[in-house]
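Here is a short briefing on one protein chain.

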Amino acid sequence: MKVLIVYDSVFGNTEQIAHAISDSLGSKENVETLRVNDVRIEKITGLDLLIVGSPTRGFRPTKAITNFLKRISTNGLNGVRVAAFDTRLLLSSIDSSVLRFIVKTGGYAAKSIANRLKKNGGNLTVPPEGFLVTGEEGPLKDGELERAADWAKIAIKVQ
Ligand SMILES: Cc1cc2nc3c(=O)[nH]c(=O)nc-3n(C[C@H](O)[C@H](O)[C@H](O)COP(=O)(O)O)c2cc1C
């Protein structure tokens with residue numbers, strides 16, 4: 001099973017989630033975890049599972065993740081299992097009720113990543129998932145690293 005985890009991270013929280021996912025997937029020799037700017041597009045070839053994660057910024061993935069997804073050709077993920085995650089603000093950490101409403105209804109990065117991966121032929125193995133930070137720069141809410149590990153184990157088991 002050849003697995004690639006591609007992530008972006010501004011403050012380090014999404015990076016922590018990416019590594020928690022990678023640690024949970026067992027045998028290291030076939031699991032590679034790369035920051036998006038270090039990924040050559042040829043890395044996509046021959047994968048069994050591609051997991052992509054981004055901080056949610058303005059309801060979307062980062063520019064670097066969006067550009068990476070655009071570089072994958074239309075059928076580039078045919079036969080590849082895919083999964084998507086993001087990090088996002090814990091709603092109760094936002095003081096303003098107006099802002100809370102905007103963040104809640106604006107949408108999150110994981111869904112648009114998943115849609116793009118599916119569009120390129122990938123088979124989504126688990127629903128897109130968001131992991132929570134308690135402020136813009138973090139830290140992660142307690143228990144999120146463990147929740148990410150559990151989520152990834154489902155992604156790798158589903159055929
Ligand atoms: C410019 C900016 C825009 C953001 N937009 C959103 C947003 O639309 N929704 C949300 O839930 N969190 C938003 N956040 C909070 C980020 O999701 C949070 O900074 C991120 O999860 C931290 O991950 P990182 O440490 O990997 O960068 C935003 C943060 C910044 C700085």
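**Helix packing and overall fold**

The model is a predicted one.

**α2 against α4**

- On the α2 side, the contact is made by Ile-65, Leu-69 and Lys-70.
- On the α4 side, Ile-113, Arg-116 and Leu-117 make the contact.
- By class, the residues of this contact are four nonpolar and two charged, with no polar ones.

**α1 against α5**

- Helix α1 spans residues 13-24, and helix α5 spans residues 144-157.
- The two axes come within 8 Å and cross at roughly 50°.
- The crossing of α1 past α5 is right-handed.
- Helix α1 contributes Gln-16, Ile-17, Ala-20, Ile-21 and Ser-24 to the contact.
- Helix α5 contributes Glu-144, Leu-145, Ala-148, Ala-149, Trp-151, Ala-152 and Lys-153.
- The contact residues of α1 and α5 split into eight nonpolar, two polar and two charged.

**Trp-151**

- Trp-151 sits in helix α5.
- Its relative accessibility is 6%, so Trp-151 counts as buried, the cut-off being under 20%.
- Leaving aside residues up to four places away in sequence, Trp-151 touches Ile-21, Ile-51, Ala-83, Ala-84, Phe-85, Val-126, Pro-127, Glu-129 and Phe-131.
- One of these contacts, Ile-21, also belongs to the α1 side of the α1 and α5 contact.
- Val-126 is 25 residues from Trp-151 in sequence, yet their C-alpha atoms are 7.8 Å apart in space.

**Whole chain**

- The protein chain has five helices and six strands.
- Read from the N terminus, the order of elements is β-α-β-β-α-β-α-α-β-β-α.
- The radius of gyration is 15 Å, which agrees with the value near 15 Å for a compact globule of 159 residues.
- Along the principal axes, the C-alpha atoms fill a box of roughly 45 × 30 × 25 Å.
- Buried residues account for 48% of the 159 residues.
- Among contacts with a separation of 6 or more, 80% join residues 24 or more positions apart.

Note on methods
Residues are numbered from 1 along each chain as its sequence is written. This is a predicted model: local features need pLDDT of at least 70, side-chain atom pairs count only at pLDDT 80 or more; totals for chains, interfaces and linings use all residues. Side-chain values use heavy atoms; hydrogens and water are left out. Axes are lines fitted to C-alpha atoms, for helices over the stretch in contact, and angles run from 0 to 180 degrees between N-to-C directions. Helices (H or I, at least four residues) and strands (E, at least two) are DSSP runs, numbered from the N terminus. A crossing is left-handed if the near helix is turned anticlockwise from the far one by less than a right angle, and right-handed if clockwise. Contact means heavy atoms within 4.5 Å. Ala, Val, Leu, Ile, Met, Phe, Trp, Tyr, Cys and Pro count as nonpolar, Asp, Glu, Lys and Arg as charged, and the others, Gly among them, as polar. The radius of gyration is taken over C-alpha atoms; the globule rule is 2.2 Å times the number of residues to the power 0.38. Buried means under 20% relative accessible area, exposed over 50%, partly exposed in between (1.4 Å probe, protein chains only).
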